[in-house]
Amino acid sequence: MMKLAREWNRFWFEPGPASNLGLCRLLFFGMLCVWMFPHDFSAWGSYSRVFWMPVSLFRVAHIGPLPVDALFIVQAVWKASLAFAAIGLFARPAMIVAALLGFYLMGLPHNFGQTQHFDTLVVLSMGALALSRAGDAYSADAWLGRNGRRTSECDAEYTWPIRFVWVAMSLIFFAAGISKLRHSGLDWIFSDSFSLFLLRQQYHISDGDPLTTWGIVVAHHPWLSHAMAASAVTVETLFPIVLFSRRARLVLVPAGLLFLVGIRLLMGPTFEQFMMCYVFWVPWDRVAVIVRGYAHTDSGRVSAVPRRDGVFAATRTDSGREPTRYRHLPRAAHRRRWNDHGREAREHDGEPRLR
Amino acid sequence: MTPPRRILLNAVFLALIVGSAYDIVRDQEHWPLSQYPMFSVAWHSSTFAWLRLFGVTADGREFPLASNRYIAPFDQSRLPKALRRIMDGPDGPAKTREAVAECLARYTTLGEERLHNGPPLVAMRLYELEWTIDPDAANVDRPDSRRLITEVRR
C-alpha cells in the first residue's frame, strides 16, 4: 500500500521544470484561441426550448442557454481569456476564466440533441490548467516579474497538470476501445463493419466531411480495413500503458495521434481540438536541447533537465561559449542528485547549481 | 506545495479516474466524462436511413441542405439526431414542425449575414432518406427512397 502511495505521489508530483508546462500552456491556449476565434456560440441562444435536451450536468445544475446577446459577450470574454492565457498575462485569472466559460460554451452544444466527444479533453485540460501554475514560465507575467518565481525552478506544481492530461487522454482512448469490444467484440475488427463505416461516412452524415476519399480506397481492400480496425482497437485499449512505460509511450502516443488524423482524413469527425492536447506529451526541455545541440547557461549555472528515467546533468567550462555536455544518469542517481540540487538550491538562491 | 493543496489535487485526480471508470463500467455518459461509444456498434447492413432538411425555392426547386453552413451552428450529425429525438418524443409531429421552422429562420438569418450563398427559401422540408451503401459512394446525391416527414412554409 505504501509502495502504491509512493508511486502515486511520484507519478503526479515528481519535480519538473516550469518551462515544459509554460510552453504547453502557451501552445495549447494559443492554438485553441486561433481555432475558436471564428466559432460563434451565440447562435445557440436563438433556438427555442424545442431543441433543448440537456445533458445530466446542465440539467442537475439548472444551467440553460443564455440569450444571443449575452452569449456573444460571454464568448468574447472567453476568447480574450484564451489569448491572455496563451501569452501568460494575468495568467492565473485568465486560465480560470477560460476554464469556467469554456466549460459552459463548449458544453452548450451538447445539449442540443447529441453529445459529441472531440472537446471533452480540452475542457478537462483547461480545468487542470486553471488550478495550475502554468503561467510561471514562457509568460508575460514571468517577463514582467509578476509571478514571484524563477522559471529555472523545478517543482511538483509543474508536473501534475501535464500528467493530468496524460491520464485523461488515456482514459478516453481506453474507454473508446472498451466500448467497441463490449458492444461488438472482435466482430468490430474481423467483419465488414469498418469498411461499411468508411463508406457510410461519405454520405454527409458527420459533423465534418472526411478530408479525403481515401476511406473508399481502404474499404475496397478488406485486409487493409481489418488491419486498420485492429490497430484502432489495439491502440485505444492499450493506450493507458503509456502512463507506466516510456517505451510504450514512444509507440502508442504517436500511434494515437495518427489514429486521430486518420479519423479526420477517412471518416470526418473533427478531432482537431483533441489533437491540440498532444502538446502535453512533448518533453519540450529535451526538444530544446536536441534542437540547439548544446545549451548556453549563465555564470556556470545549469538548469537540470529531468527525464523519466534519469537526468541530463550538465557540465560546462567557465568560458561561457563551449557547449554543455550531457550525461545520462540512472533513475536512482537522478533522485539523489535531484534532491541534492533541491537542497542546494534552497541554500543558495533558488536556482540549482552544478557541484 | 502545501498539504491542503496536495489533498485538493489528489481529490481532483481521483474524481477524474473514478468518474471515468464509473462511466466505462456502467456504459453511461456524464459529459465531460463518457464511455466514448462512437462507432462502437458493428454495422452490418448495406442500407441506412438518415434525416435531411431540404430547401424549397420560389420556383419550386428543391435542394438538400447537406452542408453545415446552411444549418450552423448545427452540423450534419447533430441536427438529424436532434430532430430524430424530437420526432420520437412527446408531441413529436408538432414539435418537429416547430424545430424545422426554426431551421428555416436560421437559414434565412445565415443568408442575410452572408454566411452562405444559398438561394432564398419559401419552404423547408424534412425527409428521411434511405441509401444502399455503394462501394464507391457514387449515389450520395441519389438515395434509394425518401419519405417526407414534415414541411414548413414561410
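Predicted model: local features only at pLDDT ≥ 70, side-chain atom pairs only at ≥ 80, totals over all residues.

Biologist: Is H8(A) mostly buried or exposed?
Modeller: Buried. Of its 25 residues, 21 are buried, so H8(A) is largely enclosed by the rest of the structure.

Biologist: What follows H8(A)?
Modeller: A:Gly185 does. The phi of A:Gly185 is positive, near 65°.

Biologist: Now A:Gly177. Where is that?
Modeller: In helix H8 of chain A, which runs over residues 160–184.

Biologist: Why does A:Gly177 count as buried?
Modeller: Because 22 other C-beta atoms lie within 10 Å, and 20 or more is enough to be buried.

Biologist: What is A:Gly177 in contact with, leaving aside neighbours within four places in sequence?
Modeller: A:Val233, A:Glu236 and A:Thr237.

Biologist: Switching to domains. What does the assignment give for chain A?
Modeller: Domain 1 is 18–155, domain 2 is 173–280 and domain 3 is 293–347. The C-alpha centres of domain 1 and domain 2 of chain A lie 27 Å apart.

Biologist: How many residues are in contact between domain 1 and domain 2 of chain A?
Modeller: 12 residues of domain 1 are in contact with 11 residues of domain 2.

Biologist: Which helix gives the most to the domain 1 side?
Modeller: H2(A), with six residues. Helix H2 (18–36) and helix H6 (120–130) of chain A each supply at least two.

Biologist: And the make-up of that side of domain 1, in nonpolar, polar and charged residues?
Modeller: Nine nonpolar, two polar and one charged.

Biologist: What about the domains of chain B?
Modeller: Domain 1 is 1–39 and domain 2 is 47–153. Their C-alpha centres lie 37 Å apart.

Biologist: Last one, B:Asp75. Where does it lie, and is it buried or exposed?
Modeller: B:Asp75 lies in the loop between strand E2 (62–64) and helix H2 (78–88) of chain B. With 22 C-beta neighbours inside 10 Å, B:Asp75 counts as buried.

Biologist: What does B:Asp75 touch, not counting residues up to four places away in sequence?
Modeller: A:Asp207 and B:Asn68.

Notes
Residues numbered from 1 in each chain as written. Chains lettered and ligands numbered in written order. Helix = DSSP H or I, 4+ residues; strand = E, 2+ residues; numbered from the N terminus. Buried ≥ 20, exposed ≤ 12 C-beta atoms within 10 Å, placed from the backbone. Contact = placed C-beta atoms within 7 Å. Domains from an automatic or database assignment. Nonpolar A, V, L, I, M, F, W, Y, C, P; charged D, E, K, R; others polar.
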